[in-house]
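Q: Could you help me learn to read this structure, one feature at a time?

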Amino acid sequence: MRVYYHTFGCKANQYDTERMRQEGEARGARSTTSWLDAEVCVVNTCTVTNQADAQARRFIRRLHRENPDARVVVAGCSAALKASMYESLDGVAGVVEGHDPVAVALALDPPLPEKPVQIELRRSLDRMDMEPVGGEILRHRQGATRGWLKIQDGCDRKCSFCATRLARGPSRSRDPEEVVREAAQLARHHPELVITGIHIGHFGLDLDPHWSLSRMLAHLLERVPDVRFRLGSVEATEVDDLLLELMETSGGRVAPHLHMPLQSGADPVLRRMRRWHTREMYRSRTLEICDRMGSMGLGADVITGFPGETADDHAQTVALVEELPFTYLHVFPYSPRDGTAAATGSDPVPQRISGERSRELRTLAQEKGSRYREGRVGEEARVVLEGDAALTGDYLRVGWEGPRPEETGVFSATLQGSGEHLYIAWSRDSSLN
Ligand code: SF4
């Protein structure tokens, strides 16, 4: 059976698709990269915004139009929240509410019943609770330089704009030894592993005895040599001192890069978002981190136009972004998500205004990013090759000139060019770390 996999959304979702693929292949399915010759198409959906739902719906309609014989199995976050909507679409043969790879693999198997198979969210979570992220470890991420290492799923916070936690359930950590085993396996194929999950700062709080993200990272550094680790998105308030020490002293084995969601720089908005930190908590911890780390890649997510956000609130966000040494930002105008507390809130900000605020912040982030890139000319960078480009530890995508090395790994070279066109010129004499 030929199966085409399509993923929407974040690294955790991409990881889940690889687990689905591996589970399917273990049961005899073959992966194909074209939906046109697929017998089954698995669509792993995302629900971060209402537009993400709409995108998945459009994509499924297109799949069915272009390959009406293919059976479509829908899984993922959006499927967890809108199962009956997906079930009603033409061509859909199965809906898995969530990311359980075993459930998806079962849904691939013909003969499929007349009516779509629906595997309920609760059952899917139960399976993951019993066998954290399904029995087998992930062996590699197909066709990719970097591997994703998912260490936990779900989230215990209750941010008022977020539907992810509704789709993914409470925070569940994987067994640390299983994480090490998977990292060692992935490191055979990937020179860099990104530690990912839905709320990785809560890793280990549900384990007995408790673990922490920093302890997990220390364990990985000790037990899995010859690979660079990069932290996925982590909250500023959850970066502890051990984590910083590991980043500082790892000699580049932990990429000097943090992505710490900010969402807003104004306390009244943070309160309505039900974030647990204040502007000052974020600001002071970030300054401490940057002071210790020196030059590093620093990113954040920001939402503009959250209900009730005033011009003054927005100005506070702008001022905070100006002050902190961000090298890039992901800025999104607020869009209400069905089922979330914020969606029923009053005082909406007109789309035109939240769009303008987004543009202002994106421009500011771009200027800051360009200045940072300019400052890196002539300095050393440790890169992994991704396609025709290279990715530095501090999360700059730069050009690669010269022959492609035969070996994979993390390469050291000097950054050349200008901020706009940074590149590294590679020669056989350049070093491989
Ligand atoms: S911390 Fe907030 S935004 Fe992040 S996954 Fe949890 S509830 Fe969603």
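Predicted model: local features only at pLDDT ≥ 70, side-chain atom pairs only at ≥ 80, totals over all residues.

Q: How many bridges join strand 13 to strand 14, and do the two run parallel or antiparallel?
A: Look along the two strands and compare their directions. Strand 13, residues 297–304, runs parallel to strand 14, and six bridges join the two.

Q: In what order do the strands of this open sheet come?
A: The order is 12-13-14, with three strands and parallel pairing. Strand 12 (257–259) and strand 14 (328–333) are at the edges, each pairing on one side only. From one strand to the next, the twist averages 10 degrees.

Q: Which helix packs on the sheet?
A: To find a packed helix, look for contacts with the strands. Helix 14, residues 351–375, touches strand 13 and strand 14, and its direction makes about 175 degrees with that of strand 14.

Q: Into which domains is the protein chain divided?
A: Let's step back to the whole chain. It is divided into domain 1 (2–130), domain 2 (146–375) and domain 3 (380–432).

Q: How many residues of domain 2 are in contact with domain 3?
A: For a boundary like this, we list the residues on each side. On the domain 2 side there are 15, in contact with 14 residues of domain 3. As for spacing, the C-alpha centres of domain 2 and domain 3 are 26 Å apart.

Q: Which residues touch the most other members of the largest nonpolar core?
A: In a core, look for the members with the most neighbours in it. This core has 100 residues, and those touching the most other members are Cys41, Val42, Val72, Val73, Val74 and Val104. Helix 5 (residues 101–108) provides the largest share, six residues.

Q: Why does this core lie between domain 1 and domain 2?
A: Because domain 1 (2–130) and domain 2 (146–375) both give residues to the core, it lies between them. Apart from it there is another core, of 14 residues, including Val383, Phe411, Leu415 and Ile424.

Q: Which residues is Cys41 in contact with, leaving aside neighbours within four places in sequence?
A: Setting those neighbours aside brings out contacts from elsewhere in the chain. For Cys41 they are Tyr4, His6, Trp35, Leu63, Ala70 and Val72.

Key
Residues numbered from 1 in each chain as written. Core = buried A, V, L, I, M, F, W, Y, C linked by C-beta atoms within 7 Å. Buried ≥ 20, exposed ≤ 12 C-beta atoms within 10 Å, placed from the backbone. Helix = DSSP H or I, 4+ residues; strand = E, 2+ residues; numbered from the N terminus. Domains from an automatic or database assignment. Contact = placed C-beta atoms within 7 Å. Pairing = 2+ DSSP bridges. Axes fitted to C-alpha atoms, helices over the stretch in contact; angles between N-to-C directions.
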